Structures are given as structure tokens and as C-alpha cells.
Amino acid sequence: MQRRKRRVVVVVLRKLITCAICVIALLALLSVHVHVFPSSKVSDFSDPYKLPTVAQLDGASGSSDFGKLWKTPPNRGYVPCVDPSPNYTSPAPSRGFLLVHTNGGLNQMRAGICDMVAVARIINATLVVPELDKRSFWQDSSNFSDVFDEDHFISALANDVKVIRKLPKEFTTATRAVRHFRSWSGMDYYQDEIASMWDDYQVIRAAKSDSRLANNNLPPDIQKLRCRACYEALRFAPQIEAMGKLLVDRMRSYGRYISLHLRYEKDMLAFSGCTHGLSPFEADELRMIRESTAYWKVKDIDSEEQRSKGYCPLTPKEVGIFLAALGYPSNTPIYIASGELYGGDSRMADLQSRYPKLMNKEKLASVEELEPFVNHASQLAALDYIVSVESDVFIPSYSGNMARAVEGHRRFLGHRKIISPDRKALVRLFDKIEKGTMKEGKSLANRIIEIHKRRQGSPRKRKGPISGTKGMDRFRSEEAFYVNPLPDCLCQKELPNVSSSFFIK
């Protein structure tokens with residue numbers, strides 16, 4: 001009897017141990033499952049300011065092909081070299097005051113301000129802190145100090161140009177010369193024609209600032225000064241830099257990211273006359289905006305001709321096809337650097353379906369965090385600029401002022417990866433897809449990858465004028481100075497052990 005009882009006890013214990021082992025195994029399996037596949041709420045970004053708990057991308061992040069998508073081009077040892085030459089002297093005695101009225105959006109004004117720093121040096125002027133454009137399409141009331149760090153701007157240029165905040169009271173009533181400086185002018189123009197005006201005036205006002213200085217054939221110290229002004233002196237106001245860094249940190253929490261400058265906004269479409277894929281009502285609305293904007297000179301535009309020449313921004317749908325052909329997986333985090341997109345969410349549907357992790361300022365930050373910048377287009381654009389400069393890959397859908405400015409800054413900081421879409425070649429392929437004569441897949445991907453092998457931001461010298469062009473068209477065809485500061489501000493040497501982060505000043 002005792003033996004039989006012992007056998008029963010042993011059998012019961014075995015069953016209990018077996019059940020316990022099964023329960024432990026099941027719990028372990030569930031634990032692994034939950035860890036590997038985070039909740040859908042994180043991946044769907046249902047809460048715009050709630051950061052994910054997993055920073056790495058899902059998918060084939062370990063594959064060599066995936067790594068190539070993010071790999072920066074070899075910079076061949078090019079590093080910034082903007083220090084003045086041994087012959088460079090402190091500012092000469094001032095002959096008068098230079099007032100500057102900047103024009104255009106944020107990045108057009110940035111370039112103009114930096115050029116006017118150089119002009120002030122050339123003509124021995126005291127530069128009054130420039131006035132920002134308040135009458136452009138964006139109607140932004142921001143002052144210089146709202147967008148830029150005014151104190152730093154003044155102090156950083158102390159050895160180059162004397163900069164003051166306001167014109168002294170005793171000169172406010174003085175007769176001033178108001179001039180539209182000639183576009184893309186060189187040293188002779190400013191030293192002879194403009195500097196000679198000091199004989200009659202104590203104050204010269206530049207009515208516009210954009211493209212007033214030649215891209216090339218200027219003294220090396222003037223070119224280096226332009227770079228010091230742009231990449232060292234003209235930094236954003238502290239509150240903008242702080243918010244920009246916060247947005248970068250939040251994007252980085254999702255892993256490596258693309259900044260997509262999606263220039264599909266009402267002002268750009270109206271200005272360029274690009275209406276492909278829009279309704280007749282939308283096309284008519286854009287035409288009326290163009291005709292009613294006095295300082296946009298060209299009114300009659302053939303949209304399809306513009307597009308066939310590559311003069312139109314890619315549509316959100318086209319961008320989706322482009323990114324997929326390059327090989328970026330659907331879970332790639334993408335920051336949309338733009339203002340309000342024309343057509344809103346409906347126009348973004350195709351891109352959103354391909355790449356659900358689309359982020360922007362409004363999704364990354366709370367209403368309260370963005371409130372100080374709302375209704376100030378230049379300040380909001382500055383936030384996009386910071387996130388774009390710091391991104392792992394920058395892709396502009398159009399080569400506008402912001403795209404060019406960000407490209408130049410990324411080149412200056414070590415040739416960070418930029419993929420510049422060949423819009424003229426791409427629209428031919430997109431049209432074939434629309435007509436059904438080509439499908440998405442390996443053949444399209446191979447074509448697009450081949451086209452863009454040499455369009456990823458590798459070091460190269462700034463492009464000169466297009467052969468055969470003359471007069472102003474010759475200057476207009478040159479690559480702008482701030483798009484590519486090589487060779488003037490980049491030298492080939494051993495890379496120093498210095499961080500090139502945009503935030504380390």
C-alpha cells in the first residue's frame with residue numbers, strides 16, 4: 001500500500017512540474033514576442049509628441065544594401081578653411097553707413113545678408129543690422145533678432161566689418177542714396193561705382209540684397225568672409241536653435257531619418273506655374289495668385305513644358321515612387337520640411353501609404369512648444385532648416401532657395417549625403433508609369449539608381465556658367481556660391497579631430 005501511495009505522489013508531482021515548466025515557457029515566449037514587436041501605437045505615431053521606446057528601424061538594418069542607403073559619400077579629406085590670410089587687416093575706417101533691406105524668404109535673405117557683409121567690407125562701410133522682408137508672399141513680421149542671434153552676429157564679425165544695431169540718431173535725417181545694386185557684381189563695380197557715392201552721401205541704402213555679389217572671381221579673403229558670415233556669424237536665435245535641436249533629437253529617437261524638402265506649397269506652384277495632376281479649379285486658383293503678385297514677372301506659363309524641362313517640384317506621389325525605387329523601406333522615418341502643402345492630406349495620401357512614418361514640426365512638437373513660432377514663416381522655416389542640415393539624408397523635391405542653402409551647408413560640414421533628384425529624367429519615367437508602358441519594379445529601380453549614382457553630394461568644384469550663355473544669363477546659369485563653397489572655403493587635408501555638428505559653435 002505504501003509503495004502504491006508513493007507512486008501516486010510521484011506521478012502527481014511530475015505532472016505539477018511539467019505544468020509549471022509549460023507555464024514558464026509560455027510566459028517566456030510571450031515576453032519575447034512583446035519585446036520584438038512593439039505596440040502599433042508607437043509605429044503609427046498616434047500621439048504626436050510621444051517618443052518611441054525603440055530607436056532602431058525595423059527590417060533589414062543589418063544588410064549591406066540597407067547600409068548603403070545611409071552611407072555618406074567620401075569627402076576626400078575636404079574640411080572647412082575659412083580663416084583669413086596673413087595679409088587680412090582689421091576693418092578700415094568707416095566711410096559711411098550701409099542700410100540693407102533684404103528680400104524673399106528665409107534662405108534668400110540669409111544669402112543676401114552674407115553678401116552684404118562682404119559688400120560692407122569692400123566699400124569700407126559700417127553695416128547696420130539688416131532689415132528683414134516683411135512685404136513678401138509670407139507677410140512675416142519678424143525682426144532680425146527674432147530669427148538670428150544678433151549679439152553673436154555683431155561680435156563674430158568684429159574683425160571683418162563694424163556692425164551696429166541701429167543708425168545713429170544724428171544720421172536718421174541725413175540724405176541717403178537708395179540703390180538697387182547690380183546683380184552678380186564684382187569688385188570693380190563696388191570699389192568704383194558704389195564706393196564713390198561716399199563723396200556725396202553718408203548713408204547708402206541697398207533696396208534689395210539677393211544675388212548682388214558675383215559667385216566667382218572675387219579675392220579669396222572676400223569669399224572666405226562670405227563663408228564665415230554664413231556658417232559662423234549668422235546663426236539662429238537661441239530659442240530657434242533650442243527648438244530645432246529638440247526636433248532633431250525627437251527624429252533621431254526613431255532611428256536614421258531622411259529630411260524631405262517637399263516644396264509642394266501654394267506659393268511655389270503658383271510662381272512656377274506647375275499644375276500637373278491638379279484640378280482645373282486648382283490650376284485657375286494658382287494662375288490668379290501668380291497674376292496678382294506684382295513682383296513675379298512671368299505670368300503666362302505652360303505647365304507641361306515646365307515639367308518636361310524639370311522645372312517643377314516633384315509631387316508627393318512621385319516622391320514616393322522615387323524613394324521606393326532607391327530602396328528605402330516603408331518603415332523609414334521621413335521628416336517633411338515644408339510649409340502647408342497644397343491640397344493637404346489628400347495630396348499626401350500616396351506618399352503616406354508607402355511611408356507611414358511621415359513626421360513634421362506639428363507631429364514632433366506640442367501646440368504649446370510651437371506657439372512662439374506660429375505665424376512667423378521665417379522662424380518656422382528655420383526649424384526645418386536645422387532638422388534638414390542635421391538629417392542622415394537630405395532630399396529636395398525642387399532646387400529652390402532652401403534646398404540650395406541646405407545643400408551648401410551640408411557640403412561645408414563634411415559633404416553629408418544629399419540626393420538631388422534629376423527631375424527632367426524622372427518625369428519621363430513617371431509619365432511612362434502613368435501611361436502604363438512601364439511598371440514599378442526592378443527595371444525602374446535600376447534606371448533610377450543608375451541616374452542618381454553621381455547625385456549624392458560628393459565633393460566637386462562649383463559649376464561655372466553654361467557654355468554659350470552671355471550677359472546676365474551667363475551669371476544666372478552659374479551654380480550659386482552658397483550651394484557649393486568648394487574650392488573657396490574647403491581645403492583638402494587631414495581631417496582634424498573636431499566635431500562638425502551644426503549645434504557646436
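This is a predicted model: local features need pLDDT of at least 70, side-chain atom pairs count only at pLDDT 80 or more; totals for chains, interfaces and linings use all residues.

Reader: What counts as a disulfide, and how many does a search of the whole structure find?

Author: A disulfide is a pair of cysteine sulfur atoms within 2.5 Å. Searching the whole structure gives three disulfides.

Reader: Where in the chain do cysteine 81 and cysteine 491 sit?

Author: Helices (H or I, at least four residues) and strands (E, at least two) are DSSP runs, numbered from the N terminus. Here, cysteine 81 is in the loop between β1 (78-80) and β2 (96-100), while cysteine 491 belongs to strand β11 (residues 490-492). The pair links distant parts of the chain, 410 residues apart.

Reader: Is the disulfide of cysteine 81 and cysteine 491 right-handed or left-handed?

Author: The torsion about its S-S bond is about 80°, so the disulfide of cysteine 81 and cysteine 491 is right-handed.

Reader: And how do I read burial: is cysteine 81 buried or exposed?

Author: Buried means under 20% relative accessible area, exposed over 50%, and partly exposed in between (1.4 Å probe, protein chains only). With a relative accessible area of 11%, cysteine 81 is buried, whereas cysteine 491, at 28%, is partly exposed.

Reader: Which cysteine does a disulfide join to cysteine 227?

Author: Cysteine 227 is joined to cysteine 489, S to S 2.0 Å. Cysteine 227 lies in helix α8 (residues 220-233) and cysteine 489 in the loop between α21 (471-476) and β11, so the pair ties together parts that are 262 residues apart in sequence. The S-S torsion of cysteine 227 and cysteine 489 is about 95°, so this disulfide is right-handed. Cysteine 227 is buried at 0% relative accessible area, and cysteine 489 is buried at 0% as well.

Reader: What is the handedness of the link between cysteine 274 and cysteine 312?

Author: That link is left-handed, with -90° about the S-S bond. The sulfur atoms of cysteine 274 and cysteine 312 are 2.0 Å apart. Cysteine 274 is in the loop between α10 (266-272) and α11 (280-292), and cysteine 312 is in the loop between α12 and α13 (316-326), 38 residues apart. Cysteine 274 is buried at 5% relative accessibility, and cysteine 312 is buried at 8%.

Reader: What pattern do the disulfides follow?

Author: Counting bonded cysteines along the chain, the pattern is 1-6, 2-5, 3-4. Cysteine 114 is in no disulfide; its nearest cysteine sulfur, that of cysteine 230, is 4.1 Å away. Cysteine 230 is in no disulfide either. Cysteine 114 is buried at 1% relative accessible area, and cysteine 230 is buried at 7%.

Reader: Turning to charges, which residues form a negative surface patch?

Author: Like charges are joined within 9 Å, and nonpolar side chains (Val, Leu, Ile, Met, Phe, Trp, Tyr) within 5 Å. Here Asp300, Asp302, Glu304 and Glu434 form a negative surface patch. Glutamate 304 sits in helix α12 (residues 303-308) and is partly exposed, at 44% relative accessibility.

Key
Residues are numbered from 1 along each chain as its sequence is written. Side-chain values use heavy atoms; hydrogens and water are left out. Patches are made of residues with over 30% relative accessible area and no salt bridge: like charges are joined within 9 Å, nonpolar side chains (Val, Leu, Ile, Met, Phe, Trp, Tyr) within 5 Å. Accessible areas come from the Shrake-Rupley method with a 1.4 Å probe; for residues, only the protein chains shown count as cover. A salt bridge is a side-chain nitrogen of Lys or Arg within 4 Å of a carboxyl oxygen of Asp or Glu. Lys and Arg count as positive and Asp and Glu as negative; His and the chain ends are not counted. The place of a charge is taken as NZ of Lys, CZ of Arg, CG of Asp or CD of Glu.
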